[in-house]
Amino acid sequence: MGIWIAGRQVALLMYADDIVLLANSQDELAHMNAIASNFARRNRFQLNGKKSAVMSFNTTAAQKARCKVRRWKLFGEKVKVTSSYVYLGAIVTEDVTS
């Protein structure tokens with residue numbers, strides 16, 4: 001699972017208590033999300049869906065539309081779909097060419 005960056009497959013980025021899951025498809029992201037939620041339950045810690053977001057970047061308009069209508073949840077909480085996200089002070093947008 002994950003995306004290829006500079007010749008390496010990267011599934012997630014972690015810093016302190018922040019985690020970014022990187023997936024090649026919505027189904028892969030849903031699977032990674034389920035793994036993270038199950039791990040949290042087994043180890044008795046909470047994930048916060050309200051502080052989380054799903055973003056589809058460098059994809060087609062149809063893929064972005066499918067992402068927006070899908071019901072995303074993390075640890076049972078609804079997760080919003082966004083067109084930009086701030087991670088460690090860097091703004092990431094859904095279209096890296098713009």
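This is a predicted model: local features need pLDDT of at least 70, side-chain atom pairs count only at pLDDT 80 or more; totals for chains, interfaces and linings use all residues.
## Rings, a pocket and a few residues worth a look

Searching the whole structure turns up one aromatic pair. The partners are Phe 39 and Phe 45, whose ring centres lie 5.8 Å apart with the planes at 65°, so the pair is edge-to-face.

Arg 41 lies over the face of Phe 75, 4.9 Å from the ring centre. Arg 70 lies over the face of Trp 72, and here the distance to the ring centre is 4.9 Å.

### The largest pocket

How much space lies in the largest pocket? About 1500 Å³. The pocket is lined by 48 residues, and those closest to its centre are Ile 19, Val 20, Leu 21, Leu 29 and Ala 53. By class, the lining has 32 nonpolar, 11 polar and five charged residues.

Which element gives the largest share of this lining? That is H1, with eight residues. Other elements that each supply at least two residues include strand E3 (12-15), strand E4 (18-21), helix H2 (61-69) and strand E9 (84-87). Strand E5 (53-54), strand E6 (73-74) and strand E10 (90-93) each supply at least two residues too.

Asn 33 is found in helix H1, which spans residues 26-42. Is Asn 33 buried or exposed? Its relative accessible area is 12%, so Asn 33 is buried, because buried means under 20%. Leaving aside neighbours within four places in sequence, Asn 33 is in contact with Leu 21, Lys 73 and Leu 74. Leu 21 is one of the residues closest to the centre of the largest pocket.

Val 10 belongs to strand E2, residues 8-10. Val 10 is buried, with a relative accessible area of 19%. Once neighbours within four places in sequence are set aside, Val 10 is in contact with Gly 2, Ile 3, Ile 5 and Leu 22. Val 10 and Leu 22 are 12 residues apart in sequence, while their C-alpha atoms are 7.0 Å apart in space.

Gln 63 is found in helix H2 and is partly exposed, with a relative accessible area of 31%. Ile 3 is 60 residues away from Gln 63 in sequence, and the C-alpha to C-alpha distance between them is 17 Å.

Arg 44 is exposed, at a relative accessible area of 79%. In the loop between E5 and H2 you will find Asn 58, which also has a positive phi of about 55° without being a glycine. Asn 58 is partly exposed, with a relative accessible area of 45%.

Here are the accessibility values for some of these residues side by side.

| Residue | Relative accessible area | Class |
|---|---|---|
| Asn 33 | 12% | buried |
| Val 10 | 19% | buried |
| Gln 63 | 31% | partly exposed |
| Asn 58 | 45% | partly exposed |
| Arg 44 | 79% | exposed |

Methods
Residues are numbered from 1 along each chain as its sequence is written. Side-chain values use heavy atoms; hydrogens and water are left out. Helices (H or I, at least four residues) and strands (E, at least two) are DSSP runs, numbered from the N terminus. Buried means under 20% relative accessible area, exposed over 50%, partly exposed in between (1.4 Å probe, protein chains only). Contact means heavy atoms within 4.5 Å. Rings of Phe, Tyr and Trp (its six-membered ring) pair if their centres lie within 6.5 Å; planes under 30 degrees apart count as stacked, over 60 as edge-to-face and the rest as tilted. A charge sits over a ring if NZ of Lys or CZ of Arg is within 6 Å of the ring centre and within 35 degrees of the ring normal. On a 1 Å grid over the protein atoms alone, a cavity is a set of points where a 1.4 Å probe fits but cannot get out, and a pocket is an open set with protein on both sides within 12 Å along at least five of seven lines; lining residues have an atom within 4 Å of a point. Grid points are joined across faces, edges and corners, and a volume is the space filled by probe spheres set on the points. Ala, Val, Leu, Ile, Met, Phe, Trp, Tyr, Cys and Pro count as nonpolar, Asp, Glu, Lys and Arg as charged, and the others, Gly among them, as polar.
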